[in-house]
Amino acid sequence: QAMLSLQRRLQGEGDGAGELLLVSISLDPERDTPERLKAFSKALGADTDRWRFLTGPGLAVKLAVGSGFGVYYETPPVVYDSRYVLVDATGQVRAAYRGPHLDVDGVLQDLERLRREAAARGAARLAYAAAHWLACYPAR
């Protein structure tokens with residue numbers, strides 16, 4: 001529901017919104033086959049041009065999610081805490097959001113920071129790069 005809310009809020013945005021991709025990764029590939037994920041996304045009303053539902057072999061998913069996003073879980077059963085991760089165009093994790101209720105306004109603020117950073121030139125670009133390396137994005 002949090003991602004659906006984010007999708008809806010982004011649909012009203014103009015330039016730059018199309019560059020954003022929402023991704024949900026199943027932690028239960030045995031049950032969540034591509035066919036089931038496709039049916040789920042359709043029932044949910046997901047805009048599949050902007051929101052992708054991914055799965056893969058169990059170990060590959062575990063390694064990608066664990067090493068890429070720092071989300072570790074055990075199977076079976078799948079037990080995990082809710083985590084949302086903001087990744088920039090270079091593949092760098094820029095923010096992580098925990099808990100059952102995603103602060104959509106906070107995510108939108110962080111997205112705006114990324115847009116300003118991507119558009120920055122000269123000294124401003126260096127300042128944004130330094131802020132990134134100093135982890136100046138707020139923890140949410």
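This is a predicted model: local features need pLDDT of at least 70, side-chain atom pairs count only at pLDDT 80 or more; totals for chains, interfaces and linings use all residues.
## Basis

Residues are numbered from 1 along each chain as its sequence is written.

## Overall fold

The protein has five helices and four strands. Helices (H or I, at least four residues) and strands (E, at least two) are DSSP runs, numbered from the N terminus. In that direction the elements run α-β-α-β-α-β-β-α-α.

Of the 140 residues, 31% count as buried. Buried means under 20% relative accessible area, exposed means over 50%, and partly exposed lies in between (1.4 Å probe, protein chains only). The protein exposes about 9,100 Å², and carbon and sulfur atoms supply 56% of that area. Accessible areas come from the Shrake-Rupley method with a 1.4 Å probe; for residues, only the protein chains shown count as cover.

Contact means heavy atoms within 4.5 Å. Among contacts with a separation of 6 or more, 55% come from residues 24 or more positions apart.

## Nonpolar cores

In soluble globular proteins, nonpolar side chains tend to be buried together. A nonpolar core here is a set of buried Ala, Val, Leu, Ile, Met, Phe, Trp, Tyr and Cys residues joined through side-chain atoms within 4.5 Å. The largest one has 22 residues. Leu6, Leu10, Leu22, Trp51, Tyr97, Leu102 and Leu111 have the most contacts inside it. Two or more residues each come from helix H1 (2-11), helix H2 (34-44), strand E2 (51-54), strand E3 (83-87), strand E4 (93-98) and helix H4 (104-119).

## Helix H3

H3 spans residues 58-69, twelve in number. From first C-alpha to last it reaches 16 Å, close to the 16 Å expected at 1.5 Å a residue. The expected span is 1.5 Å times one less than the number of residues. Val61, Val65 and Gly66 are buried in H3. They cover an arc of only 110° around the axis, so they sit on the same side of H3. The arc is that of the directions from the helix axis to the C-beta atoms.

Strand E1 (22-25) is part of what covers these buried residues. The face turned away from the buried side carries exposed Leu59, Leu63 and Ser67. Gly70 follows H3, with a positive phi near 70°.

## Strands E1 and E2

E1 and E2 run parallel and are joined by four bridges. Two strands pair if DSSP finds at least two bridges between them. Ser24 has Phe53 of E2 as its bridge partner. Ile25 has Leu54.

Both strands have two faces. In E1, Leu22 and Ser24 form the covered face, and Val23 and Ile25 the uncovered one.

## Helix H4

H4 has 16 residues. It reaches 23 Å from its first C-alpha to its last, close to the 22 Å expected at 1.5 Å a residue. Its buried residues are Val104, Gly106, Val107, Leu108, Asp110, Leu111, Leu114 and Glu117.

Glu117 has a relative accessible area of 14%. Its C-alpha is 8.1 Å from that of Ala129, twelve residues apart along the chain.

Key: Side-chain values use heavy atoms; hydrogens and water are left out.
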